[in-house]
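Student: Could you take me through one part of this structure closely, and then connect it to the strands, helices and charged pairs elsewhere in the chain?

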Amino acid sequence: MEQANPPAGSARNRKVVLREYISRAPREDDMALVDGGAMPLRVPEGAAGPAVLVKNLYLSCDPYMRGRMRDFHGSYIPPFKPGSVIEGLGVARVMDSTHPGFVAGDIVSGMTGWEEYSLIDKPEQLNKIQQSDIPLSYHLGLLGMPGFTAYVGFYEICSPKKGEFVFVSAASGAVGQIVGQLAKLHGCYVVGSAGTNEKVELLKDKFGFDAAFNYKEEPDLTVALKRYFPEGIDIYFENVGGPMLDAVLLNMRMHGRIAVCGMVSQHGMTDPAGIHNLFCLVPKRISMKGFIQSDYINLFPQFVDYMTKHYKDGKIAYVEDMSIGLENAPAAFVGLFSGKNVGKQVVCVSQE
């Protein structure tokens, strides 16, 4: 991708774009790294409203982005546009601003483009980051959307009680690792599932889960859950769907709660697997609720304070999987759906 040096006051802007809509698991070649040409490093004059120009530092890879790659307009967030830059959460440095709340040099988090520089025309949706000894990339996980999802899902949806039995699927991921630790802090018994033995050991040794198992090595998930929860499950934090959800339903206790965060096993979306054991909801009086973290955005400040304190006190551990370079963003994203990442998947675009 050779090109002449950009004019003074501008910079070369590489972008990752979606080639076309898909109806299957994503592949690297569904995305393309393109040269966006020279981008002026100032907010254009005559813009319709206040705007902020940022240099992207870190980008977040999240499973929900898979849903934006299909031609479906009935979700809570619109699909990407083929040929246009992919959008996602990121941490960036402000280069120029016509919004009174931001000045050059500020570090912000929020929705940005998978590109080196982005012009953000809804700067009111950005959060200014107060820099500390916590790495900036952690604002995409521990102190960002995944951490907040864990916080809201566990405390607001699951209504936990001390001593309850908690199961977390995809437990080593960005959300699951935090849910398990919140549950332990709350005095619960916690078991997690993951897809490799390395991740299973991480759950027990790093995150303090009481037990963990490799679901790929279990011939019968219902039997496996009975082994780890002989008295049943009070709380299930759902991240995967499919056969795991079916097995959990058979093992839930009376008045159990299921927080439906995601169903990554159903990433095909066009022909999702059915659930056979929903009848368990009735005799066991199980509550099962889906949620979106943004519905609870009023709780975000208290979440940041809570998580920061417990992280600095050494009561919450955190693991991220960092890929270096915008060109490696497609591979990092695709890896989410085969379990290649260990912890929160982040792409470092620039450290400057």
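Tutor: Glutamine 293 sits in the loop between S13 and helix H7 (300–312), and in this predicted model its relative accessible area is 18%, which makes glutamine 293 buried. Once its neighbours within four places in sequence are set aside, glutamine 293 is in contact with Met145, Phe148 and Thr149.

Methionine 263 is also a loop residue, placed between strand S12 (252–260) and strand S13 (287–290), but with a relative accessible area of 33% methionine 263 is partly exposed. Together with Leu278 and Met288, Met263 forms a nonpolar patch on the surface, and the accessible area of these residues together is about 220 Å².

Alanine 329 belongs to helix H8 (residues 329–335), and because its relative accessibility is 0%, alanine 329 counts as buried. Apart from neighbours within four places in sequence, the contacts of alanine 329 are Cys61, Trp114 and Val347. The C-alpha atom of alanine 329 is separated by 9.8 Å from that of glutamine 345, a residue 16 places away along the chain.

Turning to the strands, S9 (residues 189–194) has five of its six residues buried, and so the strand is largely enclosed by the rest of the structure. Strand S8 (residues 165–168) runs parallel to S9 and is joined to it by four bridges, with valine 168 standing opposite glycine 192 in S9.

Side chains of opposite charge can pair when their charged atoms come close. Aspartate 210 and lysine 184 form a salt bridge in which the closest N and O atoms are 3.0 Å apart; since aspartate 210 lies in the loop between H4 and S10 while lysine 184 is in helix H3, the pair ties together parts that are 26 residues apart in sequence. Aspartate 210 is partly exposed, its relative accessible area being 35%, and lysine 184, at 30% relative accessibility, likewise counts as partly exposed.

Within helix H4, lysine 204 and glutamate 201 meet through their side chains in a salt bridge of 3.5 Å, N to O, and because they are three residues apart in that helix, about one helical turn separates them. Lysine 204 is partly exposed, with a relative accessible area of 33%, and glutamate 201 counts as partly exposed at 37% relative accessibility.

A further salt bridge links glutamate 116 to arginine 14, with 3.5 Å between the closest N and O atoms. Glutamate 116 lies in the loop between strand S5 (107–113) and strand S6 (117–120), whereas arginine 14 is in strand S1 (residues 10–18), so this pair ties together parts that are 102 residues apart in sequence. Both glutamate 116 and arginine 14 are buried, and a network of salt bridges links Arg14 and Glu116 with Glu327. The count for the model comes to 16 salt bridges.

Key:
Residues are numbered from 1 along each chain as its sequence is written. This is a predicted model: local features need pLDDT of at least 70, side-chain atom pairs count only at pLDDT 80 or more; totals for chains, interfaces and linings use all residues. Side-chain values use heavy atoms; hydrogens and water are left out. Patches are made of residues with over 30% relative accessible area and no salt bridge: like charges are joined within 9 Å, nonpolar side chains (Val, Leu, Ile, Met, Phe, Trp, Tyr) within 5 Å. Accessible areas come from the Shrake-Rupley method with a 1.4 Å probe; for residues, only the protein chains shown count as cover. A salt bridge is a side-chain nitrogen of Lys or Arg within 4 Å of a carboxyl oxygen of Asp or Glu. Helices (H or I, at least four residues) and strands (E, at least two) are DSSP runs, numbered from the N terminus. Buried means under 20% relative accessible area, exposed over 50%, partly exposed in between (1.4 Å probe, protein chains only). Contact means heavy atoms within 4.5 Å. Two strands pair if DSSP finds at least two bridges between them.
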